[in-house]
Amino acid sequence: MDVFDLRSQLIGDYESFVTSFLQFRDQRIATHVRDQLADGHLWPEPMVGLNPSYESGGTISELVADGRLHPSCADIFRVGKSESSGGSEMRLHRHQAEAIEASRRNANYVLTTGTGSGKSLGYIVPIVDHVLRVGSGKGIQAIVVYPMNALANSQLEELGKFLDYGFGGKRPVTFGRYTGQETREEKDAILLNPPDVLLTNYVMLELILTRVRDKRLISSAGNLRFLVLDELHTYRGRQGADVAFLIRRLRQASGSTQLKCVGTSATMATGSFTE
């Protein structure tokens with residue numbers, strides 16, 4: 001299928017529809033309208049975009065064989081997993097593999113790359129690998145902060161595909177969403193049994209640090225290792241300053257001595273940065 005021919009056909013059909021009920025007594029107006037339609041003022045020019053090709057960073061199985069990932073990662077991170085299928089082997093992009101290496105060095109890092117290039121795997125894989133190595137059920141070991149609940153909901157679904165299928169209903173790494181969407185019963189369940197990975201937003205994280213009923217979450221975060229700020233570019237100006245203080249307060253309240261910070265963005269300068 002030629003997309004440009006398709007566009008021409010669609011515009012032609014739409015133009016026929018629009019002009020079918022245009023009738024002008026004044027010939028000058030009729031001429032002007034025809035000229036405007038001919039110049040394409042009712043529809044934009046076709047937009048051409050390039051689909052970037054990202055350099056390969058190897059497969060999950062190769063990283064497992066090299067000892068850079070826990071052996072169970074080969075079963076967790078597979079493409080197309082479902083209730084009826086174990087999926088196929090996952091190949092990482094170079095920036096994802098670099099993020100994993102930065103995590104192995106215990107470095108803070110910011111991953112900036114194009115939309116749809118798998119930024120979330122740049123922190124989900126290291127988080128899952130860490131929990132598998134030290135053991136699940138030791139309190140909150142990672143907090144992922146999103147600027148919008150929609151992003152948290154999407155990530156919750158993705159984690160479910162990786163960690164729910166193929167393990168007989170027992171997740172090797174537990175996770176939960178704690179935002180304003182959950183019922184009191186759902187939040188109470190998380191408070192009673194904090195997951196390994198907590199998905200939230202920065203407003204709720206502020207409330208967690210200030211509300212008495214949420215203190216259980218903070219007290220369970222003594223082994224907190226990862227604090228991830230997704231869509232890092234949204235935290236700028238006064239809001240950025242507020243979030244910066246929030247990070248300091250979380251570090252102090254949790255008492256964690258090994259906390260590393262991770263940021264991701266598709267609109268900042270491309271590349272991977274560590275410190």
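I start with a definition: a charge sits over a ring if NZ of Lys or CZ of Arg is within 6 Å of the ring centre and within 35 degrees of the ring normal. Lys187 lies over the face of Tyr178, at 5.6 Å from the ring centre. The charged end of Arg171 is over the ring of Phe175, 4.0 Å from its centre.

Some bookkeeping. This is a predicted model, where local features need pLDDT of at least 70, side-chain atom pairs count only at pLDDT 80 or more, and totals for chains, interfaces and linings use all residues. Residues are numbered from 1 along each chain as its sequence is written, and side-chain values use heavy atoms, with hydrogens and water left out.

Now ring against ring. Rings of Phe, Tyr and Trp (its six-membered ring) pair if their centres lie within 6.5 Å; planes under 30 degrees apart count as stacked, over 60 as edge-to-face and the rest as tilted. How many aromatic pairs does this rule give? The count is four. Phe77 and Phe162 form a tilted pair, 5.1 Å centre to centre with 55 degrees between the planes. Both Phe77 and Phe162 are buried (under 20% relative accessible area; exposed is over 50%, partly exposed in between, with a 1.4 Å probe and protein chains only).

Tyr202 and Tyr235 have ring centres 5.6 Å apart and planes at 85 degrees, so this pair is edge-to-face. Tyr202 is partly exposed at 24% relative accessibility, while Tyr235 is buried at 11%.

Last, Tyr14, Phe17 and Phe21 form one aromatic cluster.
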